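Please look over the sequence and the 3D structure below before reading the notes. Keep the model open while you read, and find each residue as it comes up.

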Amino acid sequence: MLGVVVLISGSGSNLRALLDATNNPLYPVRILAVGADQSCSGLEHAELFGIPTFVISPENFGSRELWANTLLETVQRFQPDLTVLAGFMKILPHGFVRALSPKLINTHPSLLPLFPGAHGVRDALAAGALETGVTIHIVDEGVDTGPQLAQAKLAILPDETEHELHERIKVIERELLVNVVKDIAEHRIKLGTEN
Ligand code: GRF
């Protein structure tokens with residue numbers, strides 16, 4: 001069993017997909033805890049599954065580093081084999097990344113290295129891209145720059161809004177994330193350390 005901590009900031013539909021997958025006893029993953037940087041509706045999925053949650057907001061700390069140290073200590077208390085950023089919208093300081101990477105992965109709604117950052121969907125539309133998708137990657141000290149583990153593509157439809165496109169991306173994103181975490185648990189994807 002791969003023990004996983006998931007960090008979120010929003011609706012948590014990717015988290016929900018992971019939680020639903022764990023309903024299958026053959027899915028080799030246990031969600032140990034779910035954390036967020038703000039109170040958000042996604043935490044309700046964890047509560048429904050009886051999984052511990054925590055909220056650690058940067059506003060309550062004097063610096064990003066102090067915030068991230070507390071976040072790190074809290075994550076580490078659960079001794080995860082893997083930490084998943086699933087729609088976690090804060091950039092993490094280098095110390096946090098160094099402590100957990102490469103057992104720290106992120107899901108991003110574009111075909112990296114295209115359109116990194118907080119507006120991957122909007123930026124793909126603004127650039128007139130014909131296709132986009134999702135990338136799951138190891139987190140390194142850059143923004144959405146770490147080694148890629150998997151991608152899935154879709155065509156952008158004419159006149160599609162950012163919201164419509166993002167919702168379609170999230171459908172393939174959830175499936176890819178569930179599969180990548182399974183592949184990590186079953187050692188088909190190696191993160192560069194024993195896992
Ligand atoms: C996902 O598309 C994620 O890649 C992006 O924000 C979205 C989060 O969706 N950074 P949800 O909270 O899992 O529904």
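The model is a predicted one.

**Strand E4 and its neighbours**

- Strand E4 covers residues 82-85, and its side chains point two ways: Leu-82 and Val-84 to one side, Thr-83 and Leu-85 to the other. Residues on both sides are buried.
- E4 pairs with E1 in the parallel sense, over four bridges. Within this pairing, Val-4 stands opposite Leu-82 of E4.
- E4 is also joined to E5 by three bridges, and these two strands run parallel. Val-84 has Ile-105 of E5 as its bridge partner.
- Between E4 and E5 the chain passes through helix H4 (residues 94-100), and this β-α-β crossover is right-handed.

**Strand E6 and its neighbours**

- Is strand E6 (residues 131-138) largely enclosed or largely open? Seven of its eight residues are buried, so the strand is largely enclosed by the rest of the structure.
- E6 pairs with strand E5 (residues 104-108) in the antiparallel sense, over four bridges. Ile-105 has Ile-138 of E6 as its bridge partner.
- E6 is joined to strand E7 (residues 148-155) by seven bridges, and the two run antiparallel. Thr-135 has Gln-151 of E7 as its bridge partner.

**Helix H1**

- Seven of the nine residues of helix H1 are buried, so the helix is largely enclosed by the rest of the structure.
- The buried residues of H1 are Ser-13, Asn-14, Leu-15, Ala-17, Leu-18, Leu-19 and Ala-21.
- What do these buried residues of H1 pack against? Their partners are strand E1 (2-8), strand E2, helix H2 (43-48) and helix H6 (162-185).

- Pro-28 sits in the loop between helix H1 (13-21) and strand E2 (29-36).
- Pro-28 has a relative accessibility of 15%, so it counts as buried; the cut-off is under 20%.
- Leaving aside residues up to four places away in sequence, Pro-28 touches Met-1, Leu-2, Lys-182, Ala-185 and Glu-186.
- From Pro-28 to Thr-135 there are 107 residues along the chain, and their C-alpha atoms are separated by 22 Å. Thr-135 is the residue paired with Gln-151 in E7.

**The largest pocket**

- The largest pocket has a volume of about 770 Å³.
- Its lining has 38 residues, and the closest to the pocket centre are Gly-87, Phe-88, Met-89, Thr-107 and Pro-109.
- H6 gives the largest share of the lining, with five residues.
- By class, the lining has twelve nonpolar, 18 polar and eight charged residues.

- Most peptide bonds are trans, and most residues other than glycine have a negative phi.
- The peptide bond from Ser-101 to Pro-102 is cis, with omega near 10 degrees. Pro-102 is in the loop between H4 and E5.
- Leu-112 and Pro-113 are joined by a cis peptide bond, with omega about 15 degrees. Pro-113 is in the loop between E5 and H5.
- Phe-115 lies in the loop between E5 and H5. Phi of Phe-115 is near 55 degrees, a positive value in a residue other than glycine.
- Gln-79 is not a glycine, but has a positive phi of about 50 degrees. Gln-79 lies in the loop between helix H3 (64-77) and E4.
- Are Phe-115 and Gln-79 buried or exposed? Phe-115 has 18% relative accessibility, so it counts as buried. Gln-79 is exposed, because its relative accessible area is 67% and the cut-off for exposed is over 50%.

How values were computed:
Residues are numbered from 1 along each chain as its sequence is written. This is a predicted model: local features need pLDDT of at least 70, side-chain atom pairs count only at pLDDT 80 or more; totals for chains, interfaces and linings use all residues. Side-chain values use heavy atoms; hydrogens and water are left out. Buried means under 20% relative accessible area, exposed over 50%, partly exposed in between (1.4 Å probe, protein chains only). Contact means heavy atoms within 4.5 Å. Two strands pair if DSSP finds at least two bridges between them. A crossover is right-handed if, with the strands pointing away from the viewer, the path from the first strand over the helix to the second runs clockwise. On a 1 Å grid over the protein atoms alone, a cavity is a set of points where a 1.4 Å probe fits but cannot get out, and a pocket is an open set with protein on both sides within 12 Å along at least five of seven lines; lining residues have an atom within 4 Å of a point. Grid points are joined across faces, edges and corners, and a volume is the space filled by probe spheres set on the points. Ala, Val, Leu, Ile, Met, Phe, Trp, Tyr, Cys and Pro count as nonpolar, Asp, Glu, Lys and Arg as charged, and the others, Gly among them, as polar.
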